[in-house]
Amino acid sequence: MAGANSSYGRPPRNDVFDGKQLRKAVARRTVDFNSSAMRWFLDRAWQSELGIDTPAIQPNMESTVNLVPPAADQMSENPVTSACTKFVHSSMNKPGCPIHACKWTPEGKRLITGAKTGEFTLWQGLTFNFETILQAHDAELRSIIWSHDENWMLSGDQKGTVKYWQSNMNNLQAFHAHKDTIRDLSFSHTDAKFASCSDDNTVKVWDFVQIREERVLEGHGWDVRCVDWHPSYPILASGSKDSNLKIWDAKSGKNLTTLHGHKKTIVKVKWNANGNWLLSGSQDQLIKIYDIRMMKEFQAFRGHKREVTSMQWHPQHENFFASGAYDGAIYFWVVGQSDPVASVPCAHQSSVWDLDWHPMGHILATSSNDHATKFWTRQRPGDQMNDKYSASGQPNEEGERGSGRGRSAGRQRGRQGYGQNDYSSRDRQGHARLR
Amino acid sequence: MNVSAENEMQIMPIGAGNEVGRSCCILKFMGKTVMFDCGVHPAYSGESSLPFFDSIEPEEIDLVLITHYHLDHAAGLPFLMERTNFNPKARVFMTQPTRAIYKALLSDFVRVSRNAPGEESLYTEEDVDKTMSRIEVVDYHAEVNVNGIKFRPFYAAHVLGGAMFMVEIAGVRILYTGDYSREEDRHLKAAEIPPFRPDVLIIESTYGVQEHEGRRLRERRFTDRVARVVRQGGRVLLPVFALGRAQELLLILDEFWEANPDLQNIPIYYASAIAQRCMPVYQTYINMMNDNVRRRFEISNPFDFKYVKNIRGINHFEDDGPCVFMASPGMLQNGLSRELFERWCTSKQNGLVLSGYSVEGTLAKHVLTEPDTIPRLDGRHVKRACSVDYITFAAHADFKETRMFIQDTTPTHCILVHGEKNNMARLRGALETIHNKSEGGKKLDIHSPLNCGTVKLKFKSELNARAINVLSQNVAHDTVKPGTRVSGLLIQQDFAYTLVRPPDLPQYTTLKLTHIDQHQVLPISKPFITLATQLKTTFRDIDYDDKKEIIRMANGGVIIELKERNSVKMSWESGYASDLLTEAVAAMILSKSPHEGDAPISEILRIGRKLLMARFGPVRRVKGSPHLVRLVIDLSKVGIDMLTGEVECTDEKLRERVRLAYKRIQAAMFPIPDIMCECCRAS
């Protein structure tokens, strides 16, 4: 865990004044990245960039202090260390309702979730407690994105409305962008434009400042479920319920190519930051990765037992991503490895509608149809992995754990957690350098 | 003449309401019941796959119309006709190719479901044969009238013989589309827009708001895929449903092979016994296909494929190199396609191309997730390495076609059937937006009923009656005011009313005037001339011919003539007035002459006493009053008044017995009461 000085254990039972009344002090689990970031900043002065003289992290509690943020050289070597399988907190609104979208603020201080009721809820990023709730839209929220310059947030809803927000949650603009549900939004690499896609079968390219519809990209035969702007070119990728993945030239509005790799609705497309890889997740339970230099699929990730519902590249590790599925499972994948490198089979009771990495890459937030928003972090060295989420992946005396949760136990066992046996398992993958 | 009335039309899907499969829709209007389609659900088996027949009364059905031969539209028919109390007078119609293929397909369906373990088949092959004799064929565009229900089939594409039915009852038109496609493909014409506007449109919604990729594009992807696999030395497996799209795929492949000489040494196999049996049907009904096929037919039969080889089974097949193999069933449940798939799936070179809809739970559905291993029928798992592609060729209308079809037919009411719940709701929402929520949209009343959910539509029918020749000639039409009395015969024919004068019946209607001549021979006990005199005193216009002994009455309408042996013959033409007249005359003929008088009363009393004696023993007369008698029965004294029938006796039971007995004696003596019997007249 990034938070090396996480305050665990029972605090003294004293009452505190919260401004209105005396309350019992509540111990909150905190995942604080500051100390580990500090450690990294201090150490990198004398550590070689190649990480040769960095000592490997040993699989015991004492080595926790050596855990540094994923961006650190010694961590970026091995993406598996960033598999966030340790459950930290489950945040739920009082009137529960499905949470359709979640997004970290760019500085990582809080998580914004968008609910079916159209409300934004802000959760504290360190202790994960409730901060505020506001009625953002009057229809179901579908998508939340931040501009690359971190100044603007856009949200889209079921009725086709797009709203502009400042980072202080001040609503500046609202306009009707589509006739039907907006499924996804994506900013261009320059932030001058953004793209929206909708159930009305179209993708639209908008001028951000003038709020002008610049182009309507027509060609999909059914609901367009996702759109993503290329990290450095005016190229759009969109996936649709007609199971086609289309790549568009955002400038001319021309359909460059159509990829027929999936056999069911494509729910997410995500460009890798390297600009070459395009990841697509579909309801046919597959995630595929295309290299656009060849326009060819080069790997299919099989493992999900139900429809894939969400996907996100890790912000630091180039070849690492997480995916959520309809059955509430979260899987972690490394490009080049056919099996998931880690998984939490029963992270949620129902579909994981959205997931988002903390900008530091040490926390994964997942929002689900079961009304919960959950926070997951990295396993610490020497972690016993005995909480209920890890349990299904652990062999016990009887061999298998209870039938309900352990449905996928047999398959996942041995590669699920990266606690105690995690850092040793790294040897098998040839990452001995960390030792 | 106008009388307005509201009539309720009920439309109830008992299958395919918010689901795909077991299409069956009931229409009730003006006392008529029409059933559209009668299919089974492919995902269920046994009786649970049938439409909900228990929510209707099969004996009330007047007409069954089957749109096409697919199992989910036709396979419930033998069960309905043979295993329920289906109205024996109901008529069943389908187009000629549908009927021809229906038999072959259903016989196969029975055989397959009989082989399924633990399942009793819904009906037997004999049942299918029996239905064949009752199924009538109808040509496209031919109007048929079944007891006032007029209907007309139109081209629906989808498959050969596919029809949509325009039904007209009492001036209200209902169009049932069945499965249709507005896209012309390689052998079928696109569905027609009927030339007249329906009031109610019952339309399929399989694809909801989806729009198809262009047909050319899909074809190219398909041929590219097939070509790539065979060029790298692999085998292509195309699991297909035996009839329908398979023929289209064969046409595409045959054409592609023709254009690519390098592929021509690679064989295309097609193994389907039913398809081979039904191929003559395809070759016969070329005239129902589109111009493309017909043009080619002038040179050669396009269904005589040049590069496609039909083979009987896997035993006749030498698996030695690249080939394209088309086999059924389409969802890899069992049979040949499964066998070949299990054999070929382990090699990376081979390819599987799925082209149809696959139902949840079948291997075809599972294979779409590109699993690492697949279960074999023998329970073992084998590696899957072959490529899997899914290119849909289903010939159903997409959103664009549905939208245009509704726009072109301009119905008032639209009922969605044959679509998965979610798709249907989306389509309904989209149509609501187009028609009812946006400006300039033509208002449309849209329903998407659940199974057994009834849609009730009110139709205000103006009851019009045409009056022909009823007004007298010299009355000008414009002088007819409300309240003017007219009279004539009101004829109802197929919900249309006509007012005519009776003599004009044969001229203006199909009804015929019929005369009934009646003859009656009656006994007469008085001289004929007496009868004539009697009649003359009672009726006017009596014409008595004493030579021929004929009486003519009512201007010759009734003729009475004397026959031999004291009888007369009365002849007349049946009618209200003459029937009344002859009844009265008959009474006069039968009555006795007043001069003749009745039989002496002493004689009657004598016979009565004799009969009483025979019944009860010795009878004593009372002096002075001849009608009183006394007798002793079972030691009780009984007195009878033979004129009134009164009985005196202390024992009540006995009195009653004697009274009854005497009543019967009187009845025996005077069998015709009132007219002849004085005593009865008295009582």
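I started with A:R212 and its accessibility: at 40% relative accessibility it is partly exposed, a label that sits between buried (under 20% relative accessible area) and exposed (over 50%), with a 1.4 Å probe and protein chains only. I found the two joined by a salt bridge, with 2.5 Å between the closest N and O atoms; the term stands for a side-chain nitrogen of Lys or Arg within 4 Å of a carboxyl oxygen of Asp or Glu.

A note on my source: this is a predicted model, where local features need pLDDT of at least 70 and side-chain atom pairs pLDDT 80 or more, while totals for chains, interfaces and linings use all residues. Residues are numbered from 1 along each chain, chains are lettered from A and ligands numbered from 1 as written, and side-chain values use heavy atoms, without hydrogens and water.

Next I looked up A:R39 and A:D43, whose side chains meet in a salt bridge at 2.8 Å, N to O. They lie four residues apart in helix α1 (residues 34–43) of chain A, so about one helical turn separates them; helices here are DSSP runs of H or I, at least four residues, numbered from the N terminus. A:R39 is partly exposed at 29%, whereas A:D43 is buried at 13%.

Then I moved to chain B. I noted 2.7 Å between the closest N and O atoms of B:E219 and B:R215, and both residues are buried. Helix α5 (residues 215–231) holds this pair, again about one helical turn apart. Both belong to a salt-bridge network that also links B:R186, B:R216, B:E248, B:E255 and B:R296.

Last, I searched the whole structure and got 49 salt bridges over all chains.

Conventions
Helices (H or I, at least four residues) and strands (E, at least two) are DSSP runs, numbered from the N terminus.
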